[in-house]
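Subject: Structure for you to look at

Hello,

Here is the structure I said I would pass on. Please open it beside this message and follow along; my notes come after it.

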Amino acid sequence: MSSPLARTILITGCNRGIGLEIVRQLLAKPKAPEQIFATCRAPESPKCQTLNELAVKNANLKVIQLEATDPTSVIKAAKEVEAHLKGVGLNVLINNAGIMPLSTLETVDGEDLLHVYMTNVVGPLLITKAFLHLLKKAAKDNPQAGMSCSKAALINMSTIGSSIALCHEYYGVLPVVSYRCSKAALNMLTKCQSLGYKSDGILCTAIHPGWVQTDLGGPEAILTPKDSVKGILNVLYSLTEKNNGCLLDWEGKSIPW
């Protein structure tokens, strides 16, 4: 892994948890990406202090304001990133931002479901469409054959809890109905994107980060953000066209839809 994962990379939801840890570990690589774009809802918020401190210390990190559910914010962020790229494409887009409120079959309602879908499904859709031309440019400008993150890749952060095939194993221990449904929808979106963008040379994969000790995963989770992200980055380095349209975990193991 002496070569960089990608020259240019954008990650959403970077003020905390997995997103922030991805930024940390990318910056620590011997060959870090030339440009890392880390997005969050409110860069001026105290919650973004750590991310902003990293940006002060690392010239290749840019903090970008982006609200995933606001089309105006998404388009503005895309224009800002394009200006920073100065004619270069975007190699990797990681749709990491998401929410996971508690909900059961008894408590979930339409408002809850729509709210979660807006962030976890509509958000990644809007963001991908806004940055798609930059992913296409990166793929077109890279002469190498096949698919990889060093060429152009779209990564949607999903969960094993979205697996319909494995639902019986996690139903009783994961009372987040709206979240699970939204991530199942995100999986379908990923599969559709893998077919729709294949001719453009863009690799599309969904990743389950594991049960991680974040605000979403809780303190009882079995994985630290550091260990989860270390695994995720190893997987991203190894992705090829055979992983296009797949759901993988942080160790690279395939998860059934």
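β1 and β4 are parallel partners, joined by three bridges. Within this pair, I11 faces I94 of β4. Bear in mind that the model is predicted.

β1 also pairs with β2, again in the parallel sense, through four bridges. Here I9 is the residue opposite I36 in β2. Together with α1, the strands β1 and β2 form a right-handed β-α-β unit.

Now the nonpolar cores. The largest one holds 37 residues, and I11, V23, I94 and L236 have the most contacts inside it. Two or more residues each come from β1 (8-11), α1 (17-28), β2 (35-40), α2 (49-57), β4 (92-95), β5 (153-157), β6 (203-208) and α7 (225-238). Of these, α1 gives the largest share, six residues. Another core lies apart from this one; its 25 residues include F37, I127, A138 and L154.

Which residues does I11 touch, leaving aside neighbours within four places in sequence? I11 is in contact with G19, I22, V23 and L26, with I36, F37, A38 and T39, and with I94 and N96.

If you want one place to start, pick I11: it is among the residues with the most contacts inside the largest core, and it stands opposite I94 in β4.

Regards

Definitions and conventions:
Residues are numbered from 1 along each chain as its sequence is written. This is a predicted model: local features need pLDDT of at least 70, side-chain atom pairs count only at pLDDT 80 or more; totals for chains, interfaces and linings use all residues. Side-chain values use heavy atoms; hydrogens and water are left out. A nonpolar core is a set of buried Ala, Val, Leu, Ile, Met, Phe, Trp, Tyr and Cys residues joined through side-chain atoms within 4.5 Å. Buried means under 20% relative accessible area, exposed over 50%, partly exposed in between (1.4 Å probe, protein chains only). Contact means heavy atoms within 4.5 Å. Two strands pair if DSSP finds at least two bridges between them. A crossover is right-handed if, with the strands pointing away from the viewer, the path from the first strand over the helix to the second runs clockwise.
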